[in-house]
Amino acid sequence: MASTAYSRPSKPPGPAAGDRKGPRLAKELGRIEPKKLGIGLVAGCCLALLTYLSFARLFAIYSPVFDSSSLVLKNTPPATTTVPATETLPVQQETQVEDQKDIPDPEADPNMPNLPEVTTEKDQQEEATTTKPAGAISEAKITCDENGVDEGFPYARPPVCELAGDIRISPKEKAMYLVNPSGAGPFDSNGEKKIRPFARKDDFLLPGVVEVTIKSVSSAAVAPQCTRRHDVPVVVFSVAGYTDNFFHDNTDVLIPLFLTTAHLKGEVQFLITNFKPWWVHKFTPLLKKLSNYDVINFDEDEEVHCFRSGHLGMYRDRDLIISPHPTRNPHNYSMVDYNRFLRRAFNLPRDAPAVLGEETSAKPKMLIIERKGTRKLLNLREVSALCEALGFAVTVAEAGADVRGFAERVNAADVLLAVHGAGLTNQIFLPTGAVLVQIVPWGKMDWMATNFYGQPARDMRLRYVEYYVSEEETTLKDKYPRDHYVFKDPMRIHAQGWPGIAEIIMKQDVMVNMTRFKPFLLKALDELQE
């Protein structure tokens with residue numbers, strides 16, 4: 001039915017032609033001032049236009065030609081899109097990891113909403129190209145944590161910057177552009193902030209870390225054009241330094257990465273500087289558990305990656321320790337959480353040690369880590385035999401490059417025994433409640449033994465036993481006379497800094513006194529039965 005808004009009478013309203021009087025309207029209009037007449041005409045035109053638009057809108061809504069569903073995005077785009085130089089934001093499909101989270105079946109769960117209908121990859125790409133909105137960019141924000149003081153732990157507080165807004169990363173320029181019209185932030189007079197994104201504030205190592213410059217720019221027009229857009233946050237970090245030492249792999253990279261990104265549940269993109277392909281391959285199971293996307297080599301990539309939020313650098317606590325902190329650890333993670341994360345990443349089966357007691361004939365399993373360089377346990381066979389005699393089922397092994405394989409061995413053990421060194425880092429794979437036995441070499445090593453491995457073991461809810469060797473149990477007695485400061489005043493070694501510690505303390509071997517050592521093994525056995 002036609003709307004009455006568009007019909008009109010066949011003749012003008014008013015009296016019949018024979019009864020027409022004089023032109024009253026003309027006379028009345030003649031009395032109206034020109035100014036008031038103009039205002040009235042404008043108001044009348046506005047009213048007529050408003051009426052027209054209202055009915056036109058009604059017509060459009062009910063018209064069968066108009067399909068409002070065409071405005072709805074039927075396919076969720078991937079987290080990364082590729083932007084050719086001559087077009088705007090077409091999507092590039094991102095490769096998903098093997099352990100992608102399972103998608104619930106809507107047919108199996110009636111409470112689940114129906115998933116979008118299946119379309120071909122070509123259809124998805126075409127639809128994303130034509131319908132994906134650019135997305136609203138939030139206001140530019142940047143905060144940097146640069147307080148390096150942490151109660152005597154100089155490495156624990158590396159600089160970290162957190163950004164939000166229009167972020168454009170150009171690895172080729174070693175730069176992150178922040179579209180920041182206000183110019184506010186921790187920038188220098190050139191509008192720049194330089195960070196070496198390594199999670200260990202070590203003056204000796206930092207010169208070897210790639211420096212990344214955050215550049216504050218007034219508008220998107222002066223920033224490089226995006227070639228890939230990501231819908232997830234970014235973390236730019238370095239794997240420089242002492243990586244390939246298992247202790248530093250964890251303290252300087254993996255634990256900080258977990259602390260910074262675990263709450264994102266895999267929805268984060270990693271850009272790695274000082275890229276080491278062998279290191280990435282070695283820890284791929286852990287990287288894939290933290291990120292659903294392939295890592296990007298920051299040192300060789302030539303694209304411009306655009307993000308809405310991210311970090312330059314990573315938060316870090318003390319060595320093998322994660323403590324509560326309002327800004328560095330707002331999600332209140334702990335080393336127990338990190339242990340669970342590792343067990344899931346490597347599919348380790350044991351969360352608790354074996355149940356011991358009179359009713360079970362099972363022997364507690366002990367793994368002794370053998371060292372073949374420095375700090376060797378010279379009477380390893382005798383120690384192993386003593387442990388067997390006390391009721392342990394003993395395995396001796398050297399930690400190698402196969403992280404997953406050795407993690408499985410450690411997780412199968414109830415007790416881990418080793419001389420002080422990076423091998424003790426493998427305590428992270430022990431089941432909660434297991435026992436760690438550390439043999440501490442000569443040289444006033446109580447601070448290092450406790451803070452590097454003892455306190456972390458307690459934070460992981462492990463039972464901890466430590467044994468300090470005497471002057472008679474170290475090979476240092478064969479190099480230095482008994483009146484030397486190595487024995488009389490070992491703190492003079494520490495006063496020389498790391499070179500002195502590395503040259504003297506770290507190069508000794510030990511031969512434990514079996515009679516003196518036996519009570520400590522019995523203590524480890526008792527700890528398991530509590």
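**Helix packing and ring pairs**

Biologist: So H8 and H14 are oblique to each other. At what angle do they pack, and how far apart are their axes?

Modeller: Helix H8 (residues 380-389) and helix H14 (residues 514-529) pack at about 45°, with their axes 11 Å apart. Angles under 35 degrees count as roughly parallel, over 145 as roughly antiparallel, 65 to 115 as roughly perpendicular and the rest as oblique. The axes are lines fitted to C-alpha atoms over the stretch in contact, and angles run from 0 to 180 degrees between N-to-C directions. The helices are DSSP runs (H or I, at least four residues), numbered from the N terminus.

Biologist: What should I know about the model itself?

Modeller: It's a predicted model, where local features need pLDDT of at least 70 and side-chain atom pairs count only at pLDDT 80 or more, while totals for chains, interfaces and linings use all residues. Residues are numbered from 1 along each chain as its sequence is written, and side-chain values use heavy atoms, with hydrogens and water left out.

Biologist: Which residues meet between H8 and H14?

Modeller: From H8 you have Glu382, Val383, Leu386 and Cys387, which meet Met514, Phe517, Lys518 and Leu521 of H14. Contact is heavy atoms within 4.5 Å.

Biologist: New topic. How many aromatic pairs are there?

Modeller: There are 15. In one of them, the ring centres of Phe247 and Phe452 are 5.6 Å apart and the planes sit at 50°, so that pair is tilted. Rings of Phe, Tyr and Trp (its six-membered ring) pair with centres within 6.5 Å; planes under 30 degrees apart count as stacked, over 60 as edge-to-face and the rest as tilted.

Biologist: Where do Phe247 and Phe452 lie?

Modeller: Phe247 is in helix H4 (residues 246-261) and Phe452 in helix H10 (residues 446-459), so the pair ties together parts 205 residues apart in sequence.

Biologist: Is Phe247 buried or exposed?

Modeller: Buried, at 7% relative accessible area, and Phe452 counts as buried too, at 17%. Buried is under 20% relative accessible area, exposed over 50%, partly exposed in between (1.4 Å probe, protein chains only).

Biologist: And why is H7 called largely enclosed?

Modeller: Eight of the eleven residues of H7 (residues 335-345) are buried, so the rest of the structure largely encloses that helix. Among the buried ones are Tyr338, Phe341 and Arg343. What covers them includes H4, H6 (284-290), H9 (403-411) and H10.

Biologist: What comes just after H7?

Modeller: Asn347, which takes a positive phi of about 55°.

Terms used. Helix = DSSP H or I, 4+ residues; strand = E, 2+ residues; numbered from the N terminus.
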